[in-house]
Amino acid sequence: QVQLVESGGGLVQAGGSLRLSCAASGSIFSINRMGWYRQAPGKQRELVASIISGGSTNYADSAKGRFTISRDNAKNTMYLQMNSLKPEDTALYYCNAYLRRRVAGAPEDYWGQGTQVTVSS
């Protein structure tokens with residue numbers, strides 16, 4: 001069993017900040033990549049930012065310069081610092097992990113339940 005638990009969402013005014021956390025637990029051998037995705041009502045889920053085990057990061061254009069993704073490999077925890085939030089950032093934010101549960105196992109995708117971020121204008 002693998003669990004991804006997100007926290008840190010909430011309601012914030014435009015221009016404010018939030019910090020999301022995602023803790024992975026369970027039977028995990030290694031985590032290749034972790035990422036944050038979001039889905040707004042009526043829209044498709046989209047990548048916000050991702051980070052691989054070596055620390056390299058990737059951001060959606062909408063997140064560049066405002067969001068920072070980071071990771072604590074020892075704790076299997078990922079963070080997303082979101083600054084200068086805009087109403088269009090309002091969405092359900094999901095944690096994703098591409099991980100191996102066993103040494104010889106193939107990596108698989110796992111998802112959290114999501115945490116709501118609402119930015120008021």
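Predicted model: local features only at pLDDT ≥ 70, side-chain atom pairs only at ≥ 80, totals over all residues.
Residues are numbered from 1 along each chain as its sequence is written, and side-chain values use heavy atoms, with hydrogens and water left out.

I placed Arg 38 in strand 4, (30-39). Strands (E, at least two residues) are DSSP runs, numbered from the N terminus. I then listed the polar contacts of the Arg 38 side chain. One is with the side chain of Glu 46, at 2.7 Å. Another joins the side chains of Arg 38 and Tyr 93, at 2.9 Å. A polar contact is a pair of N or O atoms within 3.5 Å; within protein, one must be able to donate a hydrogen and the other to accept it, and residues adjacent in sequence count only if both atoms are side-chain atoms. Not counting residues up to four places away in sequence, Arg 38 touches several residues, among them Val 48, Phe 67 and Asp 89. Contact here means heavy atoms within 4.5 Å.

**Disulfide**

I searched the whole structure and found 1 disulfide, defined as a pair of cysteine sulfur atoms within 2.5 Å. Cys 22 is joined to Cys 95, with S to S at 1.9 Å. The pair links distant parts of the chain, Cys 22 in strand 3 and Cys 95 in strand 9, 73 residues apart. The link is left-handed, with -65 degrees about the S-S bond. I found Cys 22 buried at 0% relative accessible area, and Cys 95 is buried at 0%.

**Nonpolar core**

I took a nonpolar core as a set of buried Ala, Val, Leu, Ile, Met, Phe, Trp, Tyr and Cys residues joined through side-chain atoms within 4.5 Å. The largest has 31 residues, and Trp 36, Leu 80, Met 82 and Tyr 93 have the most contacts inside it. Strand 9 gives the most to this core, with 5 residues.

**Ala 60**

I located Ala 60 in the loop between strand 6 (57-59) and strand 7 (67-72). Ala 60 is buried, with a relative accessible area of 18%. Leaving aside neighbours within four places in sequence, Ala 60 is in contact with Leu 47 and Val 48.

Terms used: Helix = DSSP H or I, 4+ residues; strand = E, 2+ residues; numbered from the N terminus. Buried < 20%, exposed > 50% of the residue type's maximum accessible area, 1.4 Å probe, protein only.
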